[in-house]
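Please keep the model open while you read these notes. Each point takes up one topic and can be checked by eye.

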Amino acid sequence: MKKAVGEELFKYFSLGEHSDYKYQTKSGKSKWKDIRRGKRTNGIFVNADHINFVLNHPAFQYPYVSKTVYVELDSDLNLIREIYLDQIPKFLLRNEPSDWKTESQIDEIITKQNLKKAVNKVSKRLEFDTKSKEYYWIVFNTLYEEKCFADQEILHINAVSGIVFKHFEERQYIMHCN
């Protein structure tokens with residue numbers, strides 16, 4: 001993991017909950033056990049395909065964004081597959097200051113969009129697009145709301161450039177509707 005993200009960024013990772021490994025007992029049974037930092041493994045180590053590290057970097061404190069990186073090791077502690085780092089912001093991997101627009105700059109961009117009259121305060125959250133491998137802000141402007149659905153005006157704003165690349169309306173069903 002340290003080799004993949006670099007020494008500087010690695011210090012912001014911690015071993016995540018539910019990291020475990022598979023081992024074989026003396027009787028030949030396969031079992032799973034949680035990995036504990038500084039503890040030895042039990043039995044004959046088979047593999048560890050559920051190791052996760054959680055990023056807690058001061059420049060990446062956004063709720064609802066996955067900050068977990070998974071590592072899978074075989075019985076010889078070799079990587080089973082390359083570590084997926086695409087969701088780690090590029091500026092962190094390069095050990096550089098953020099090149100993202102600030103939340104106040106994003107708020108200014110939202111204000112300039114002449115959104116329709118809302119029934120609630122505009123809300124926004126950071127999202128990761130797995131196809132483009134870029135972060136963007138998704139903005140929800142609630143135009144109408146009932147018990148089980150809401151009509152939303154939605155913006156997608158690139159986190160680095162601030163360009164609005166989608167602006168549309170959509171009816172969204174509320175998951176906790178009874």
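1. Start with exposure. Buried means under 20% relative accessible area, exposed means over 50%, and partly exposed lies in between (1.4 Å probe, protein chains only). By that rule R94 is partly exposed, because its relative accessible area is 41%.

2. A word on the source. This is a predicted model, where local features need pLDDT of at least 70, side-chain atom pairs count only at pLDDT 80 or more, and totals for chains, interfaces and linings use all residues. Residues are numbered from 1 along each chain as its sequence is written, and side-chain values use heavy atoms, with hydrogens and water left out.

3. Now the charged pairs. A salt bridge is a side-chain nitrogen of Lys or Arg within 4 Å of a carboxyl oxygen of Asp or Glu. How many salt bridges does the structure hold? There are eleven. One of them joins R94 to D99, at 3.5 Å from N to O. D99 is partly exposed, with a relative accessible area of 36%. R94 and D99 also belong to a network of salt bridges with E96.

4. Look next at E72 and R81. Their side chains form a salt bridge, with 2.9 Å from N to O. Is E72 buried or exposed? E72 counts as buried, because its relative accessibility is 17%.

5. Then find E169 and K116. Their side chains meet in a salt bridge at 2.2 Å, N to O. E169 lies in strand β9 (residues 164–173), while K116 sits in the loop between α4 (103–111) and β6 (123–129), so the pair ties together parts that are 53 residues apart in sequence. The element names follow a rule: helices (H or I, at least four residues) and strands (E, at least two) are DSSP runs, numbered from the N terminus. E169 is partly exposed at 46%. K116 is partly exposed as well, at 46% relative accessibility.

6. On to the empty space. Rolling a probe the size of a water molecule over the atoms shows where empty space is left. The search uses a 1 Å grid over the protein atoms alone and a 1.4 Å probe; a pocket is an open set of points with protein on both sides within 12 Å along at least five of seven lines, and lining residues have an atom within 4 Å of a point. Grid points are joined across faces, edges and corners, and a volume is the space filled by probe spheres set on the points.

7. The largest pocket holds about 570 Å³ of space. It has 27 lining residues, and the closest to its centre are L15, I35, I51, F53 and L73. Two or more lining residues come from each of α1 (2–5), β1 (13–15), β3 (30–34), β4 (44–55) and β5 (68–73). Which element gives the largest share? It is β4, with four residues. By class, the lining has 16 nonpolar, four polar and seven charged residues. Here Ala, Val, Leu, Ile, Met, Phe, Trp, Tyr, Cys and Pro count as nonpolar, Asp, Glu, Lys and Arg as charged, and the others, Gly among them, as polar.

8. The second largest pocket has a volume of about 350 Å³. Of its 15 lining residues, R125, F140, Q152, Q172 and I174 lie nearest its centre. β6, β7 (134–145), β8 (149–158) and β9 each give two or more residues to this lining. β7 gives the most, with three. The classes are six nonpolar, six polar and three charged.

9. Pick out S19. It lies in the loop between β1 and β2 (20–24). S19 counts as buried, because its relative accessibility is 2%. Its side chain reaches the backbone nitrogen of N52 at 2.9 Å. Leaving out residues up to four places away in sequence, S19 touches K33, D34, I35, H50, I51 and N52. Contact means heavy atoms within 4.5 Å.

10. Compare V54, in strand β4. V54 is partly exposed, at 30% relative accessibility. Beyond four places in sequence, V54 touches residues including Y12, F13 and K67.

11. Last, check two backbone angles. N95 has a positive phi of about 55° although it is not a glycine. N95 lies in the loop between α3 (90–93) and α4, and is exposed at 54%. N114, also not a glycine, has a positive phi of about 50°. N114 is in the loop between α4 and β6, and is exposed at 67%.

Note on methods: Polar contact = N/O pair within 3.5 Å; in protein donor to acceptor, adjacent residues only side chain to side chain.
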